[in-house]
Amino acid sequence: MKDAFFVLSCTIRIFNDNTLTDYPQALKKNIPFTFIILRLVLGLLLLLFYWLKVDHFKWYAISFLIIGLLSDIFDGIIARRLAVSTTLLRRWDSSVDLLFFACISLVSYLSCPQFFKDNATLILILVGSEILTYIISFAKFKKEIATHSIGAKIWTLFLFALLVELLLHCQSTILFQLTVWLGLLTRLEIIAIILTLKNWSNDIPSIYHAIQLRKGKAILKNKLFNS
């Protein structure tokens with residue numbers, strides 16, 4: 001719920017800022033924001049499609065998932081190219097990512113309830129670890145996580161492949177196991193990053209970089225993957 005309110009407040013702030021700037025320039029700078037909004041719309045639209053029992057639903061779902069993944073990759077790259085990769089944008093990106101994959105996961109559950117029932121324990125542990133990262137972040141910094149770590153990015157690719165497999169076949173074995181255990185490892189790293197940092201920060205590639213920041217050292221970030 002807090003993520004939803006954060007999304008709404010950011011939208012209002014960005015809209016108000018744009019009214020005070022040159023429209024063409026503002027439009028260009030808001031390309032990354034548009035990509036983020038696209039993921040939110042796709043996630044909600046997918047829920048609507050499922051509720052309406054749209055024909056060929058699984059192909060819509062897979063198409064939306066692919067578009068969402070591509071938009072997630074390129075919004076950050078474009079933002080850095082345009083020099084608009086602000087803390088606000090990165091927080092917005094993290095919140096919408098959570099909502100988008102929550103929508104896709106919910107649709108997968110509704111489409112394949114038996115798979116989720118059979119693997120309920122591991123799935124609940126994974127979901128619990130994700131919730132725990134947010135609890136710890138809010139408890140320490142009063143903000144949601146926006147680490148965008150390299151490990152989390154790699155895990156997102158595994159999650160993407162798993163969701164596609166579920167939408168197509170409603171079953172998964174090896175890929176499911178890999179996704180769960182990699183997810184747990186990356187959540188543990190995120191928790192370690194949060195606990196290591198003295199002050200909230202976004203785009204922390206790894207726990208090593210968090211330790212460097214804690215020591216007061218500057219960290220080198222990849223221009224392609226981290227702002």
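Predicted model: local features only at pLDDT ≥ 70, side-chain atom pairs only at ≥ 80, totals over all residues.
Me: How many disulfides does a search of the whole structure find?
Reply: A disulfide is a covalent bond between the sulfur atoms of two cysteines. Searching the whole structure gives a count of one.

Me: How many residues apart are cysteine 112 and cysteine 170, and where do they sit?
Reply: Cysteine 112 is in the loop between H5 and helix H6 (113-118), while cysteine 170 is in the loop between H8 and helix H9 (174-196). The pair thus links distant parts of the chain, and the separation is 58 residues.

Me: Are H5 and H8 roughly parallel or roughly antiparallel?
Reply: The axes of helix H5 (residues 87-111) and helix H8 (residues 150-169) come within 10 Å and cross at roughly 25 degrees. Angles under 35 degrees count as roughly parallel. The two helices, H5 and H8, are therefore roughly parallel.

Me: How do the residues of the contact of H5 with H8 divide into nonpolar, polar and charged?
Reply: H5 passes H8 in a left-handed crossing. From H5 the contact uses Arg90, Phe101, Ile104, Ser105, Val107 and Ser108, and from H8 it uses Lys153, Thr156, Leu159, Leu163 and Leu167. Sorted by type, these residues come to six nonpolar, three polar and two charged.

Me: Is arginine 39 buried or exposed?
Reply: Arginine 39 lies in helix H3 (residues 31-52). Leaving out residues up to four places away in sequence, arginine 39 touches Gly68, Ser71, Asp72, Asp75, Asp93, Val96, Asp97 and Phe100. Its relative accessible area is 0%, and a value under 20% means buried. Arginine 39 is therefore buried.

Me: What is the phi of histidine 56, and where is this residue found?
Reply: Most residues other than glycine have a negative phi. Histidine 56 is found in the loop between H3 and helix H4 (57-81), and counts as exposed at 62% relative accessibility. Its phi is positive, near 60 degrees.

Me: Is alanine 83 buried or exposed?
Reply: Alanine 83 is found in the loop between H4 and H5. This residue, which is not a glycine, has a positive phi near 60 degrees. The relative accessibility of alanine 83 is 70%, and the cut-off to pass is 50%, so alanine 83 counts as exposed.

Me: How many helices and strands does the protein chain have?
Reply: Reading along the sequence, the pattern is α-α-α-α-α-α-α-α-α-α. The secondary structure of the chain comes to 10 helices and zero strands.

Me: Among contacts between residues at least 6 apart in sequence, what percentage join residues at least 24 apart?
Reply: The protein chain has 227 residues, and 45% of them count as buried. Among its contacts between residues at least 6 apart in sequence, the share that join residues at least 24 apart is 73%.

Technical notes
Residues numbered from 1 in each chain as written. Heavy atoms only, no water. Axes fitted to C-alpha atoms, helices over the stretch in contact; angles between N-to-C directions. Helix = DSSP H or I, 4+ residues; strand = E, 2+ residues; numbered from the N terminus. Parallel < 35°, antiparallel > 145°, perpendicular 65-115°, else oblique. Left-handed = near helix turned anticlockwise from the far one by under 90°. Contact = heavy atoms within 4.5 Å. Nonpolar A, V, L, I, M, F, W, Y, C, P; charged D, E, K, R; others polar. Disulfide = S-S within 2.5 Å. Buried < 20%, exposed > 50% of the residue type's maximum accessible area, 1.4 Å probe, protein only.
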